Amino acid sequence: MGTAFERLAPALSRFHSLSGPHRLQGLVEVEAPANAVGRMLAWALGAPQSSVRGSIVFELQATPLAEVWTRHFPARTMRSTLRASGGQVVERLGAARLGFTLDEEQGRLIMRLESLHFLGIPCPAWLRPRIVAEETGLGDTLHFHVQAVVPWVGQVVHYQGHLVVPPAQEVSA
């Protein structure tokens with residue numbers, strides 16, 4: 001992200017500067033997939049399959065080479081691995097490999113889907129899901145909003161909420 005990283009809200013830049021193991025807590029609201037096909041795709045991603053509100057525990061294992069994000073939703077645990085590759089952030093999430101570019105807009109972090117492989121097969125642009133993946137910061141909280149809508153299927157994933165980000169000097173494991 002270069003100098004754009006410096007324009008992120010303080011809670012975002014602190015979160016994305018963490019290294020080592022961390023455990024963050026917050027609240028989340030999950031909406032169920034639109035239909036049976038959406039639930040099947042959510043299952044293949046390891047994503048929540050039912051609507052729920054409640055606490056979320058987010059475990060981060062950050063190394064210089066990769067980050068493992070484990071999201072403990074009230075009814076499901078979803079794990080992904082993120083790595084920098086060729087100017088993108090590549091996220092392995094269940095049966096999918098997603099390539100994102102990162103942008104900063106008014107202190108927010110926006111992840112834009114550029115490529116998708118599902119079960120190792122490249123997904124054509126016309127079939128790629130419409131993705132909302134953004135983070136905002138307010139005080140010591142990181143607010144997230146994630147949604148994936150697949151053409152002809154509808155919503156597969158939708159969750160939003162916040163995590164409390166520790167002050168820069170605190171380390172939790």
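Reply: Two strands pair if DSSP finds at least two bridges between them, and strands (E, at least two residues), like helices (H or I, at least four), are DSSP runs numbered from the N terminus. This is a predicted model, in which local features need pLDDT of at least 70 and side-chain atom pairs count only at pLDDT 80 or more, while totals for chains, interfaces and linings use all residues. Residues are numbered from 1 along each chain as its sequence is written, and side-chain values use heavy atoms, with hydrogens and water left out.

Me: In strand 11, which residue is the bridge partner of His-145?
Reply: Strand 10, residues 141–150, runs antiparallel to strand 11 over 10 bridges. Within this pairing, the strand 11 residue that bridges to His-145 is Gln-160.

Me: Which residue of strand 11 stands opposite Val-28?
Reply: Strand 1, residues 20–30, also pairs with strand 11 in the antiparallel sense, over five bridges. Opposite Val-28 stands Gly-161.

Me: Which residue takes a positive phi in the hairpin of strand 10 and strand 11?
Reply: This hairpin has three residues between the strands. The residue with a positive phi, near 65°, is Trp-152.

Me: How many of the 11 residues of strand 11 are buried?
Reply: Buried means under 20% relative accessible area, computed with a 1.4 Å probe and protein chains only, and 43% of the 173 residues in the chain are buried. Strand 11, residues 154–164, is largely enclosed by the rest of the structure, because the number of its residues that are buried is eight.

Definitions and conventions. Buried < 20%, exposed > 50% of the residue type's maximum accessible area, 1.4 Å probe, protein only.
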